Structure formats: C-alpha cells, structure tokens
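Here are some notes for a colleague who is opening this structure for the first time.

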Amino acid sequence: MPEKPLIDYDAYRDHIGTVDDTGKRRWVYPKKPSGRFHNKRVWVSMAFLTALFVGPFLKYDDLPLFLFNILERKFIIFGVTFWPQDFHLFALAMVTFMVFIVLFTVVFGRVFCGWVCPQTVFMEMVFRKIEYLIEGDANKQRKLAKAPWDVDKTLKRILKYSIFAAIAFLIGNLVMAYMIGIDELQKIVTEGPGENMGKFTFVLLFSGIFFFVFSYLREQACIAICPYGRLQGVLLDKDSIVVAYDNVRGEPRAHLRKKETREAGDCVDCKLCVQVCPTGIDIRDGTQLECVNCTACIDACDNIMDKVGFDRGLIRYASRNNIDKGLKFRFTPRIIAYSVVLLGLISILGFSLSTRSDVEMTLLRTKGVPYQEVDDGYIANLFNLQIVNKTRNGYDLSFKVLSPEGGRTRIVGNKLSMQSQGITKGAIFIEFDKKTLEETKIPIVLGVFAGDTLLDKVETTFRGPLKIKYD
Ligand code: SF4
Ligand code: SF4
C-alpha cells in the first residue's frame, strides 16, 4: 500500500474552504489586501460605482437611458425601448449575452467576478473597507469576534451595522431607480412612503436583502448561490487564463532559512496568499470553484517575492497549459466555435433590431360576439385592439381594410390617439356589405394609419352568416 502523504494536498476537494469538519461555517477574516493589482481594482471600482450611481439620472429625449421595469415588462437599454411584444428580441439579446459570457469565461476565466461584479465590488471595496476602518485588520477582527460584549465591542458593532444598513438602503434605492425610473423614485421621496406604500415596500425589501448579503452571506453568495460561479467547472479549460499558482516553479514549498542554499521551489510557504483570500481558499491547491479572481493573492505573493528577492509572478494570471507546458495564449477550436456562434447571434440581433417595427398592432375578436347585422345591410364584426407605439411621436390613428376591397371600419368611441411610447387599447367594428359576402369566413387585412402613413397591418378573419347551399 502506498504510504499516506504527510500533507494531504487533495483534501480540499472533499469540502469547501468555508466549512469546517463539523459542517459549520468557518467565518473568513481576510487580511487587508495591498499591491499593484489592488490599486488598479480600486480605480476600476470607483469608475464602476460612479457609473452605477449616475446611471439612473442619465436621460435621452426625456426618457431614462436604462430601465429594467420587470413589473410592466418594459426595458430601456441605451435609450432603445423594449416592450413585451419585443420579447423575442429580448430573449435573443439574452442568449447573445450568455454566449458572450461563455466565450469570455473560456478565454479569461472569472475576470468579470474580480473586477466588475457588483457583489465583489460592493463587498470588497465598500463593506469590507468600512469593516477594516472600524474593526481593524484580520487579527483584530478575529479578536473582537471572540471578545465579550463590552462597551467597545458593542459600540463598534452598532457603528458598523448602522453604516452597513445605510449603504444597503442606498443600494435598495439604486435598484428601484433602475426598475421604476428616477422620477418615480423621487416621487416616493417627495410625496412620502405613505402615498407609495407598494413601491416603498420594495425599497425596504431590497435594502433588507442587501444588508443580509453584505453583512452575513458574503462570499457564500459567490460560492453557493451565483449560477455563474457554479458554471466554472464546465466553462474553464486548460487554456483559460485564471489566477493561478505556478506549482512548477513553486514546489516543493519550504520556509526560507538564513544562509540557505535553496533546493526547494520558490514558494516560501508564508501562507499570505491564503490569509488575504476573501473566499478562504489556498490557491496553491489549484483552480477552485470558490476563487473569484480578486487578485489579492497575486499581490500578497508578489510582495513576499520582492522581500525575499525572487521574481514576481509565482501567482499570476496564467493558463494551466502556460504553467505546465510554457504555452502562450492560442485560439483553440473551442474558442473559434464559440466566436462563430457569437458572431452569428450578433448579426441576427443587429438585423432584427434594425428591422423592428415602430408600431405593433394586435387584433382579437371580441368574445361572444361572432357578428351583428347593421341597419344598412352590412355585417359587422367587433374586435378588440391593442397598439404599442415604440416611437416618441404621438399619433391620431385611422384604420382601413386593405384586403379584400369593400370593407369599412368604425372605431368604438369615434377616435383613437396614441401617446409617445405608449400602449393604446380600443375596439373597432369591421363591416362588409352582406350582399358581397360569399363565404362564412373570409381572410382580411387591416391597416392602421397615421395620416397617409401605414404604421402596421394585421391579418385576421371576418365572419358572416352561415351560407347554406341548396342543390
Ligand atoms: S484564490 Fe486569490 S484570486 Fe482567488 S479569491 Fe482567493 S485571493 Fe482572490
Ligand atoms: S504567498 Fe506566495 S510564497 Fe507565500 S505561500 Fe503563497 S504562494 Fe507561497
């Protein structure tokens, strides 16, 4: 039987780093990160947060630049409005986005998570920084957690959670601003929550969720909940560029001793890379599901390499093939295949967007009313109609039976007008002279006009009295 190794390097595969042997959660106290990657991430995060908070205030032609109104199923992306009728376009855009994410991940791993995922940015660059300010670095935090509830601990915790709650409330408002628009949100503020109880409840609900996520759930959101994180196992391959430990150069790891003629690898086993990790893993075990590519371990290792006089980059952005075989980045068949699919989807999406109709009419026969006879010998069918105006122009509408000839229309209520970017609902009679009706069911085409301009047309069937044929 092979002898069991002293250190079981494969043990990490049996459990996640934040769960202990008894199955309890192991709270992570990551050491404050510092270094060139961290500095860059601070700048990127500042730009990202600025864009995120400015976003709801940006308008184009008096409409928000971005709106994700899930309740009314109305979405505005870069000033282009998508209605429920554009669902196929929205679905296509989502599929294209997913393929883009897949391709991006195949090539660059989880770089998104580390640099611009809102969860990581808020957690590491906002909430964690406040925690360091109030409670100090990892060791002090650990000490405080174990300390009895004296005045110092109580005051620190009250201060920390009050600030966390205020920021969570701010994020809750931000999410609502993207969902209902900044004007509606301002209404809640100016008119008071009592007048807008439904919407205010949502603000409180989102704020509560964010407070829970950033105070308690933390890295578990990335490890156990985020579907993107769970996909890494199938998306990454040996050519994907990830935050990786160069085990070829680093192993066998050994502490550095004075006056040593070093035969070991470059890893001096200082464990700083483990101490800074916000997901509680040891990157030296290899690429793991928990790693959000936050680069904290790269900085920690580079700092120690500088101190001991070794080259930087023992932990770095690299692919497995780069570390094991020295291979540079190359276009693999997988990348080429995904790129072709992505290009195809982008082309279809571009074509669909450019040929999208500005006005869309839906016509439905009114239930329980097959047809009626009108005084002057005409047969009338009643239809309910709904017209979506995706443009910013208002229209007075008129209708015409385009085919077959001889049909006439009568709007219930005499007039139908459309507001900019609005939905108009109404009813309309379509009528044919009884004498001209040769069939019980005839296919017809109805057009909707603004002046002489045909906006949209729909096909439907017109029903008349039963035709009984005698031999
Ligand atoms: S292993 Fe490194 S890059 Fe991955 S989460 Fe931990 S510190 Fe961040
Ligand atoms: S920081 Fe670098 S040298 Fe220190 S244990 Fe991690 S990999 Fe080894």
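1. A residue is called buried here if 20 or more other C-beta atoms lie within 10 Å of its own, with C-beta atoms placed from the backbone. By that criterion, buried residues account for 24% of the 471 residues in the chain. Please keep in mind while reading that this is a predicted model.

2. As for the chain overall, DSSP runs give 16 helices and 16 strands. Its radius of gyration is 32 Å, whereas the globule rule gives 23 Å for 471 residues; the chain's value is well over that figure, so the chain is more spread out than a compact globule. The C-alpha trace, taken along its principal axes, spans about 115 × 60 × 45 Å.

3. One sheet deserves a separate look: it is open, has three strands in the order 3-4-5, and its pairing is antiparallel. Strand 3 (66–69) and strand 5 (80–82) stand at the edges, and because each has a single partner strand, one side of each is left without a neighbour in the sheet. On average, neighbouring strands of this sheet are turned by 20° against each other, with direction ignored.

4. Within that sheet, strand 4 (residues 74–77) and strand 5 run antiparallel and are joined by three bridges. Which residue of strand 5 is the bridge partner of Ile-76? The partner is Thr-81.

5. Turning to ligand 1, there are 14 residues around it, and those that come nearest are Cys-277, Ile-283, Cys-291, Cys-294 and Cys-297. The shell around ligand 1 is made up of eleven nonpolar and three polar residues, with no charged residue among them.

6. Ligand 2 is surrounded by 16 residues, of which the closest are Cys-267, Cys-270, Leu-272, Cys-273 and Cys-301. Two or more residues of this shell are given by each of two elements, helix 13 (272–275) and helix 14 (296–308). The largest share, three residues, comes from helix 14.

7. How do the residues of the shell around ligand 2 divide into nonpolar, polar and charged? Eleven are nonpolar, one is polar and four are charged, while the shell around ligand 1 has eleven nonpolar, three polar and no charged residues.

Key: Residues numbered from 1 in each chain as written. Chains lettered and ligands numbered in written order. Predicted model: local features only at pLDDT ≥ 70, side-chain atom pairs only at ≥ 80, totals over all residues. Near = placed C-beta within 6 Å. Nonpolar A, V, L, I, M, F, W, Y, C, P; charged D, E, K, R; others polar. Pairing = 2+ DSSP bridges. Helix = DSSP H or I, 4+ residues; strand = E, 2+ residues; numbered from the N terminus. Axes fitted to C-alpha atoms, helices over the stretch in contact; angles between N-to-C directions. Rg over C-alpha atoms; globule rule 2.2 N^0.38 Å. Buried ≥ 20, exposed ≤ 12 C-beta atoms within 10 Å, placed from the backbone.
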